[in-house]
Amino acid sequence: MSIPVYEIYALKYGGPYNRPAAIVRWLQDMDQTTTVNYYIFAIVGGDGPIIVDCGCSPKLAEERKLGNYVNPGEVLKRINIDIGSVKHVVVSHIHFDHVSGIELFPSAKFYVQEKEYNFWIKNPIAQRRPFLLPTDPAANAFLKKLEGTERLSLIRGKKKILPGIELMIAPGHTLGLQVTAVNTAKGTAIVGSDVAHTFFSYETDIPSSYIMDMVSWVKSYDKVRAKASSPDLLFPGHDIKLMENFPRVAEDITRLA
Ligand SMILES: [Zn+2]
């Protein structure tokens with residue numbers, strides 16, 4: 001059986017947001033600002049679509065006053081994906097902007113690294129204030145309810161979840177962040193989520209300021225670079241260039257590969 005060739009789409013559901021540049025370029029350019037977007041990603045082909053990340057729930061988006069927020073279900077509709085029938089959702093890591101919308105996917109199986117799950121859902125340290133800042137308690141409670149059911153797949157390190165779709169742990173930003181390696185027409189591409197918030201990190205080795213383990217983070221760059229067929233197939237989690245430098249297929253949606 002031949003391995004399916006997939007297409008990858010970036011879908012903006014929030015932003016643009018102005019941020020201090022030092023947040024996405026670790027302790028660099030303290031006096032400058034930068035702009036980021038919030039995204040989910042759709043991998044289309046084979047038995048897909050496979051969606052990477054859930055976006056934010058409407059309730060939390062309102063609480064956190066996310067400007068230009070669009071319900072991820074509405075964004076997916078623009079490329080004819082019905083959120084109600086999505087079967088596969090990769091949760092890159094358990095921060096609100098990536099997991100809060102989990103309940104918007106009623107038919108999906110969620111793939112989460114076991115290490116990530118154990119920290120955010122089971123470790124009491126995750127209830128301390130620095131870790132609560134990027135947390136959506138409702139999403140975490142929902143994940144906890146799914147444990148032991150067939151809707152939650154806890155991954156240990158590396159796993160092919162479908163032909164041409166492989167998950168790999170790439171810690172640093174969080175303890176169990178995972179990237180998705182995808183077979184595309186151009187070779188293996190990495191939907192990296194926040195292993196790099198912007199292309200700058202892949203280009204320079206300098207991560208964002210949101211660090212849980214810096215040593216692991218640098219090793220994760222080596223790991224994903226070795227996995228991608230070329231450097232231009234490494235896609236970050238929040239860069240506005242994902243909208244600007246790729247062909248637009250619908251409002252706030254581009255095709256990356
Ligand atoms: Zn993020």
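**Figure 1. Contacts along the chain and overall dimensions of the predicted model.** In this predicted model, 65% of the contacts in the protein chain between residues at least 6 apart in sequence join residues at least 24 apart. The protein chain is built with 10 helices and 13 strands, and its C-alpha atoms fill a box of roughly 50 × 40 × 35 Å, taken along the principal axes. For 257 residues, a compact globule would have a radius of gyration near 18 Å, and the 17 Å of the protein chain agrees with this.

**Figure 2. Surface, burial and charge of the protein chain.** Of the 257 residues, 54% count as buried, while the chain as a whole exposes about 11,400 Å², of which carbon and sulfur atoms supply 52%. The protein chain carries 29 positive and 27 negative side chains, and the centres of these two sets lie 4 Å apart.

Figure 3. Serine 100 has its place in the loop between helix H4 (96-99) and strand E5 (109-113). Serine 100 counts as buried because its relative accessible area is 5%, which falls under the cut-off of 20%. Its side chain is joined to the side chain of aspartate 136 by a polar contact of 2.9 Å. Leaving aside residues up to four places away in sequence, serine 100 touches Gly55, Cys56, Ser57, Leu60, His95, Asp136 and Ala139.

Figure 4. Asparagine 37 is found in strand E2, which covers residues 33-44, and with a relative accessibility of 4% asparagine 37 counts as buried. The side chain of asparagine 37 makes a polar contact of 3.0 Å with the side chain of tyrosine 39. When residues up to four places away in sequence are not counted, asparagine 37 touches residues including Lys12, Gly14, Gly15 and Pro16, and the list of residues touched also includes Gly237, His238, Ile240 and Met243.

**Figure 5. Close-up of helix H5 and the elements packed against it.** In helix H5, which spans residues 114-122, the residues Glu116, Tyr117, Phe119, Trp120 and Ile121 are buried. An α-helix has 3.6 residues a turn, so residues three or four places apart point the same way. The buried residues of H5 pack against strand E5, helix H6 (129-132), helix H7 (137-146) and strand E6 (152-155).

Figure 6. Glutamine 127 lies in the loop between H5 and H6. Not counting residues up to four places away in sequence, glutamine 127 touches Trp120 and Leu132, and Trp120 is one of the buried residues of helix H5.

Figure 7. Alanine 185 is found in the loop between strand E9 (178-184) and strand E10 (187-191). Alanine 185 counts as exposed because its relative accessibility is 77%, which is over the cut-off of 50%. With residues up to four places away in sequence not counted, alanine 185 touches Val5 and Tyr6. The C-alpha atoms of alanine 185 and phenylalanine 142, which are 43 residues apart along the chain, are separated by 36 Å.

Note on methods: Residues are numbered from 1 along each chain as its sequence is written. This is a predicted model: local features need pLDDT of at least 70, side-chain atom pairs count only at pLDDT 80 or more; totals for chains, interfaces and linings use all residues. Side-chain values use heavy atoms; hydrogens and water are left out. Helices (H or I, at least four residues) and strands (E, at least two) are DSSP runs, numbered from the N terminus. The radius of gyration is taken over C-alpha atoms; the globule rule is 2.2 Å times the number of residues to the power 0.38. Buried means under 20% relative accessible area, exposed over 50%, partly exposed in between (1.4 Å probe, protein chains only). Contact means heavy atoms within 4.5 Å. Accessible areas come from the Shrake-Rupley method with a 1.4 Å probe; for residues, only the protein chains shown count as cover. Lys and Arg count as positive and Asp and Glu as negative; His and the chain ends are not counted. The place of a charge is taken as NZ of Lys, CZ of Arg, CG of Asp or CD of Glu. A polar contact is a pair of N or O atoms within 3.5 Å; within protein, one must be able to donate a hydrogen and the other to accept it, and residues adjacent in sequence count only if both atoms are side-chain atoms.
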